[in-house]
Amino acid sequence: NSIWLNDKPFKQDLENSLGRDIRLMNDANCFALSESIDGSGCGYDSVWGVIIGSGFGGSFVYKNQVIEGVNQVAGDWGHQPLPYPNEEEQELGLKCEVGNCHRPLCAEQFISGVGFTKLFNLKYGTNFRTREIVALEANGDERAKKEFDLYEDRFARLIGLVQHQAYHGLCAFRNTLPDICV
């Protein structure tokens with residue numbers, strides 16, 4: 001999500017500054033790899049890490065090795081279209097602003113914290129921060145409750161799609177589900 005770093009010699013700059021070799025990997029890969037080595041995925045052969053924050057993504061790890069795939073995005077599912085969009089979701093006309101995506105109905109626009117907040121404010125003409133929307137929901141605000149219910153529905157659709165793809169051999173694990181999702 002730090003697109004301002006694209007096409008910059010970030011790794012080289014860090015190595016020069018620190019005076020040593022370094023390795024870089026995206027946050028979802030680091031998270032899933034860490035979980036597979038000594039976290040909740042320890043002891044499992046295949047781990048799928050799901051990461052939700054300012055962005056939305058994931059990573060596959062098999063036998064403590066990140067499976068990157070041809071384009072280094074094998075486990076990243078954040079920029080796929082939201083499955084089975086309802087009429088309201090289609091009418092919103094959301095398009096991803098990330099430079100290498102620009103897809104309509106990009107899942108990150110609905111599931112990431114930034115996307116959820118932006119969508120809430122767009123729909124209700126407000127200017128809340130994420131924590132304020134959470135507080136609204138905790139205090140019984142019907143708008144916030146509705147949006148969190150929709151969030152859960154959208155997330156369930158995405159999980160269901162990945163399970164279907166994994167079960168039918170259409171993704172990295174070919175005819176098997178990951179042992180654990182963290």
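At 41% relative accessibility, H102 counts as partly exposed; with a 1.4 Å probe and protein chains only, buried means under 20% relative accessible area, exposed means over 50%, and partly exposed is what falls in between. H102 belongs to the loop between helix 3 (87–91) and helix 4. Here helices (H or I, at least four residues) and strands (E, at least two) are DSSP runs, numbered from the N terminus. The backbone at H102 has a phi near 60 degrees, a positive value in a residue other than glycine. Most residues other than glycine have a negative phi. L105, found in the loop between helix 3 and helix 4 as well, also has a phi near 60 degrees, again positive and again not in a glycine. L105 counts as buried, though, because its relative accessibility is 16%.

A word on the ground rules: this is a predicted model, in which local features need pLDDT of at least 70 and side-chain atom pairs count only at pLDDT 80 or more, while totals for chains, interfaces and linings use all residues. Residues are numbered from 1 along each chain as its sequence is written, and side-chain values use heavy atoms, with hydrogens and water left out.

Stepping back to the whole protein chain, the tally is 7 helices and 4 strands. Read from the N terminus, the elements go α-α-β-β-β-α-α-α-α-α-β. Of the 182 residues, 35% are buried. Contact means heavy atoms within 4.5 Å, and among contacts with a separation of 6 or more, 50% join residues 24 or more positions apart.

In soluble globular proteins, nonpolar side chains tend to be buried together.

How do helix 5 and helix 6 cross? Their axes come within 9 Å and cross at roughly 65 degrees, the axes being lines fitted to C-alpha atoms over the stretch in contact, with angles running from 0 to 180 degrees between N-to-C directions. That makes helix 5 roughly perpendicular to helix 6, a label for angles of 65 to 115 degrees. The crossing is left-handed, meaning that the near helix is turned anticlockwise from the far one by less than a right angle. On the helix 5 side, G113, F116, T117 and F120 meet T130, I133 and L136 of helix 6. These contact residues split into 4 nonpolar, 3 polar and no charged; Ala, Val, Leu, Ile, Met, Phe, Trp, Tyr, Cys and Pro count as nonpolar, Asp, Glu, Lys and Arg as charged, and the others, Gly among them, as polar.

Helix 5 also holds K118, which is partly exposed at 41% relative accessibility. K118 and F128 lie 10 residues apart in sequence and 8.7 Å apart in space, C-alpha to C-alpha.

Finally, there is N29 in helix 2 (residues 27–38). Is N29 buried or exposed? With a relative accessible area of 6%, N29 is buried. Leaving aside residues up to four places away in sequence, N29 touches G58, S59, V66 and E68. From N29 to E68 the sequence separation is 39 residues, and the C-alpha to C-alpha distance is 8.7 Å.

Notes
Angles under 35 degrees count as roughly parallel, over 145 as roughly antiparallel, 65 to 115 as roughly perpendicular and the rest as oblique.
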